[in-house]
Amino acid sequence: MNLASILSFTHTLVKDSLFPGAIAIDATAGNGHDTLFLAQSVGEEGQVIAFDIQSQALENTYTRLKEAKVEERVSLHQRGHQHMTEVLSELTIPQVQAIMFNLGYLPKGKLEVTTLPDTTLTAIDQSLEWLGPSGTLSLVLYTGHAGGKEEATAVLQKLSLLNTRLFDTAHYQLLNRNLAPSLALVRKKGLN
Ligand SMILES: C[S@@+](CC[C@H](N)C(=O)[O-])C[C@H]1O[C@@H](n2cnc3c(N)ncnc32)[C@H](O)[C@@H]1O
């Protein structure tokens, strides 16, 4: 694995929690790279629920899924991830094995539409409730755009205070690059 590729590192760690038939969430569908990864990882029997507030992002994601012929196992929602609980309850989802966030703006999209600390923190709270035993929550954090540093700091602060009896948390950061994305990870402890 390429150590400098935060995205492939993220996929490797998230995959640990996935299996055929699992349910997973992409909280920021964007151009659909993570949605596709999740759809392929949960297999035909699995289910992926993806959120984005921009129709352009959901169109890009749908095109990518259709090309890979996995669109039927994914439901796309033009809703903010801060409404995750409402949507998952409506879909009668019991719990999920993985939830991925890739914060910031849509690459090649409107740079001024970004994730925001308040809604991100609300969505993290909800995510922690929906994660099943041994489930993984991943957040790729960016500090190069306006507001990115504040959002990353708020996320790391929140995760550093999680109850150690319930969660393991980690932060993976490249040391010799400026403004490279970093990865925050939460793993819910399993049933022992
Ligand atoms: C960095 S991009 C995601 C990239 C994506 N994971 C991929 O693989 O292409 C961030 C996305 O978050 C979306 N976004 C911003 N605020 C949001 C919110 N409250 N809920 C859901 N998505 C949001 C943006 O529209 C944008 O598409």
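N31 is found in the loop between β1 and α2; helices (H or I, at least four residues) and strands (E, at least two) are DSSP runs, numbered from the N terminus. The model is predicted: local features need pLDDT of at least 70, side-chain atom pairs count only at pLDDT 80 or more, and totals for chains, interfaces and linings use all residues. Residues are numbered from 1 along each chain as its sequence is written, and side-chain values use heavy atoms, with hydrogens and water left out.

At 16% relative accessibility, N31 counts as buried (buried means under 20% relative accessible area, exposed over 50%, partly exposed in between; 1.4 Å probe, protein chains only). The C-alpha atoms of N31 and T61 are 5.1 Å apart, although the two are 30 residues apart in sequence.

S138 lies in strand β5 and is also a buried residue, with a relative accessible area of 0%.

| Residue | Contacts |
|---|---|
| N31 | N60, T61, R64, L106, P107 |
| S138 | T10, V14, I99, M100, F101, L183, A184, L185 |
| L137 | I99, F101, I124, S127, L128, L131, A184, L185, V186 |

L137 belongs to the largest nonpolar core, which has 28 residues. A nonpolar core is a set of buried Ala, Val, Leu, Ile, Met, Phe, Trp, Tyr and Cys residues joined through side-chain atoms within 4.5 Å. Inside this core, V96, F101, L137 and L139 have the most contacts. At least two of its residues come from each of β1 (23-26), β2 (47-51), α4 (84-90), β4 (96-102), α5 (117-130), β5 (131-141), α6 (148-160) and β7 (182-188). A second, separate core has 15 residues, including A22, A39, V42 and V48. In soluble globular proteins, nonpolar side chains tend to be buried together.

Helices α1 (residues 6-15) and α2 (residues 33-42) have axes that come within 11 Å and cross at roughly 30 degrees. Axes are lines fitted to C-alpha atoms, for helices over the stretch in contact, and angles run from 0 to 180 degrees between N-to-C directions. The angle makes α1 roughly parallel to α2 (under 35 degrees; over 145 is roughly antiparallel, 65 to 115 roughly perpendicular, the rest oblique). The crossing is right-handed, meaning that the near helix is turned clockwise from the far one by less than a right angle. On the α1 side, H11, V14 and K15 meet H33, D34, F37, L38 and S41 of α2. These residues divide into three nonpolar, three polar and two charged (Ala, Val, Leu, Ile, Met, Phe, Trp, Tyr, Cys and Pro count as nonpolar, Asp, Glu, Lys and Arg as charged, and the others, Gly among them, as polar).

How values were computed
Contact means heavy atoms within 4.5 Å. Lists of a residue's contacts leave out its neighbours within four places in sequence.
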